Amino acid sequence: MFGKKKVKGITKRTLGMIMECAKDAHPREFAAGMREIDGLISELILIPGTISGNRSALLRLHNLPIDYSMVGVVHSHPSHNISPSSQDLNMFGKYGRIHIIVGWPYDENSWKAYDWGGKEISLEVVP
Ligand SMILES: [Zn+2]
């Protein structure tokens, strides 16, 4: 349902956008869908109300439009802890196969990628 093509990386620009959105939402959580083009995560699918809303961004995931190029979800943790919570693991299984968690201070080192089961995976950052 979420596409079968291998995803090998994420564009530097998309990662930068994620960090900007996470900073804007801080100290609340930010969440968005991620779209893959030619094996690279290249676009975000923004969820209405995510940045300005004061409820948990993850609770708004059901507002995501149906989009078969979506590979998974990125969300932020307003802390240094970028391990998936049990709520996250639940969500990972439902919303795709690649997930990214970014944490404070939202820089190039404060993120990790996980598969649908919560296992850490490596994603190349492509210029
Ligand atoms: Zn989380």
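1. Ile37 stands opposite Leu40 in S3. Strand S2 (residues 31-37) and strand S3 (residues 40-46) pair in the antiparallel sense, over 6 bridges. Strands (E, at least two residues) and helices (H or I, at least four) are DSSP runs, numbered from the N terminus. Two strands pair if DSSP finds at least two bridges between them.

2. On provenance: this is a predicted model, in which local features need pLDDT of at least 70 and side-chain atom pairs count only at pLDDT 80 or more, while totals for chains, interfaces and linings use all residues. Residues are numbered from 1 along each chain as its sequence is written.

3. The sheet is open and has 8 strands, in the order S7-S6-S5-S4-S2-S3-S1-S8, with mixed pairing. Strand S7 (120-121) and strand S8 (124-126) are the edge strands, each pairing on one side only. Helix H1 (residues 12-25) packs on the sheet. H1 touches strand S1 (9-11), S2, S3, S4, S5 and S8. Its direction makes about 30° with that of S3. Axes are lines fitted to C-alpha atoms, for helices over the stretch in contact; angles run from 0 to 180 degrees between N-to-C directions.

4. Strand S4 (residues 70-77) is largely enclosed by the rest of the structure, because 8 of its 8 residues are buried. Buried means 20 or more other C-beta atoms within 10 Å of the residue's own; 12 or fewer is exposed, in between is partly exposed, and C-beta atoms are placed from the backbone. S4 pairs with S2 in the antiparallel sense over 5 bridges. Here Gly33 stands opposite Val73.

5. S4 and strand S5 (residues 98-103) run parallel, joined by 4 bridges. Val74 stands opposite Ile100 in S5. The chain crosses from S4 through helix H2 (residues 86-94) to S5, a right-handed β-α-β crossover. Right-handed means that, with the strands pointing away from the viewer, the path from the first strand over the helix to the second runs clockwise.

6. Check Pro84, in the loop between S4 and H2. Pro84 counts as buried because it has 21 C-beta neighbours inside 10 Å. Leaving aside neighbours within four places in sequence, its contacts (C-beta atoms, placed from the backbone, within 7 Å) are Leu89, Phe92, Ile101, Tyr114 and Gly118.

Terms used: Contact = placed C-beta atoms within 7 Å.
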